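Dear colleague,

Please find below the structure that I am handing over to you. The notes after it set out what was found.

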Amino acid sequence: MAYGSPNSLDEVGDYLLQVRGCRGSSPDEIEHLKQRYQRVGGRTPLLEITKSQCDTLEKKLRTDGIPARVSFGMKHWHPFVEDVVEKISADNPPILVGVALAPHYSKLSIGGYEDSVRRGLARKNSNVQFVMVKSWHTQSSLIKALSARVSNSLREMTGSGPTTVIFTAHSLPLKAVSTDDPYRAQLIETSQLVAKEANVNDWDFAFQSASGPHGTWMGPSLKEKISELSRRRIKQILVCPVGFVSDHLEILYDLDVEAKEYANSLGVALARVSSLNDDPKFIEALAAVTTPLLAEERIAAACGPQQ
């Protein structure tokens, strides 16, 4: 499951309505979002990337002897998770494993995907066994895929002076995140593991893509970190968005356009690592977190009903 993205500028208004839970948006807000999509070519490749991830994962599982069918749905756009799950439940599969394409757990984010699946199952009063993968932020193939990108990008960067790596993830509204929510801690843990694997000592963490007033969303923000590093006379920044796995607006605009332009205005060169998308190592990570759950179901089926 992925977040979703409009497929054309004409869909932006309806998409924003979905994201905001059917709360209306002003014409200026819709136009502002349209302008951001225009800067990246009118749409993002998220739909095609997610489909490729889905197809590649299914092939990987079948190669590994797990004859699972892999489908995909979006939280906020077509194909909606609820619609896809409704169709799946009609086939009455022995188990349904849900994976959000976001490795770190927060009740607001991952919990929202889980709720979408349950709404889809409820449409047909389905009793299909459903298991949600809550988080997979320390999975070894994920860490290796990210650290390889950091190492390769650092080697490719040219210029004088030291480079600082900033790991990022999507900010969340503070009012919606409880004090015991593991989101921030899991993000820091992933960042630490990637930095260690890539042998990076000079690194930091920041949140990006907040859509509310300053101080009402999780921080520090990426913009604040860029300003801080500029004051320290750091001239090169490499961004590794550990909270994102695919190319979408938060990557292609928020980092490649907005963050880069802001950094350049301060005399700082900013680059980012390439997204995981359908990289084989990333597909290995997805297979690793789903295979044990699917294998358990096969073992239970082979053993028959318990007496």
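Predicted model: local features only at pLDDT ≥ 70, side-chain atom pairs only at ≥ 80, totals over all residues.

Residues are numbered from 1 along each chain as its sequence is written, and side-chain values use heavy atoms, with hydrogens and water left out.

The chain as a whole

The protein chain holds eleven helices and six strands. A compact globule of 307 residues would have a radius of gyration near 19 Å, and the 20 Å of the protein chain agrees with this. That radius is taken over C-alpha atoms, and the globule rule is 2.2 Å times the number of residues to the power 0.38. Along its principal axes, the C-alpha trace of the protein chain spans about 70 × 45 × 35 Å.

Of the 307 residues, 49% count as buried. Here buried means under 20% relative accessible area, exposed means over 50%, and partly exposed lies in between (1.4 Å probe, protein chains only). The protein chain exposes about 15,100 Å², of which carbon and sulfur atoms supply 50%. These areas come from the Shrake-Rupley method with a 1.4 Å probe; for residues, only the protein chains shown count as cover.

Among contacts between residues at least 6 apart in sequence, 77% join residues at least 24 apart; contact means heavy atoms within 4.5 Å. As for charge, the mean positions of the 35 positive and 36 negative charges are 2 Å apart. Lys and Arg count as positive and Asp and Glu as negative, whereas His and the chain ends are not counted. The place of a charge is taken as NZ of Lys, CZ of Arg, CG of Asp or CD of Glu.

Helix H4 covers residues 81-90, and its buried residues are Val81, Glu82, Val84, Val85, Ile88 and Ser89. Seen down the axis of H4, these buried residues fall within an arc of 160 degrees, so they line one face of the helix. The arc is that of the directions from the helix axis to the C-beta atoms. On the face turned away from the buried side, H4 carries the exposed residues Lys87 and Ala90. The cover over the buried residues of H4 includes strand E1 (96-99) and helix H5 (110-122).

In H8, the buried residues are Leu222, Lys225, Ile226, Ser227, Leu229 and Ser230. Their cover includes strand E3 (163-170), E4, strand E5 (236-240), helix H10 (254-265) and strand E6 (269-272).

Backbone features in the loops

Two cis peptide bonds deserve mention. One runs from His78 to Pro79, with omega near -5 degrees, and Pro79 is placed in the loop between helix H3 (46-63) and H4. Another runs from Gly219 to Pro220, with omega near 5 degrees; Pro220 lies in the loop between strand E4 (203-208) and helix H8 (222-231).

The loop between E4 and H8 also contains Ser209. Phi of Ser209 is near 65 degrees, a positive value in a residue other than glycine. Is Ser209 buried or exposed? With a relative accessible area of 18%, Ser209 is buried. Asn92, in the loop between H4 and E1, likewise has a positive phi, near 50 degrees, in a residue other than glycine.

Two helix residues

Leu17 has its place in helix H1 (residues 12-19) and counts as partly exposed at 34% relative accessibility. Not counting residues up to four places away in sequence, Leu17 touches Cys22, Arg23 and Gly24. Leu17 and Leu294 are 277 residues apart in sequence and 36 Å apart in space, C-alpha to C-alpha.

Thr291 is found in helix H11 (residues 280-303) and, at 23% relative accessibility, counts as partly exposed. With residues up to four places away in sequence left out, Thr291 touches Leu61 and Ile66. Between Thr291 and Ser52 there are 239 residues in sequence separation and 19 Å in space, C-alpha to C-alpha.

Yours sincerely

Note on methods
Helix = DSSP H or I, 4+ residues; strand = E, 2+ residues; numbered from the N terminus.
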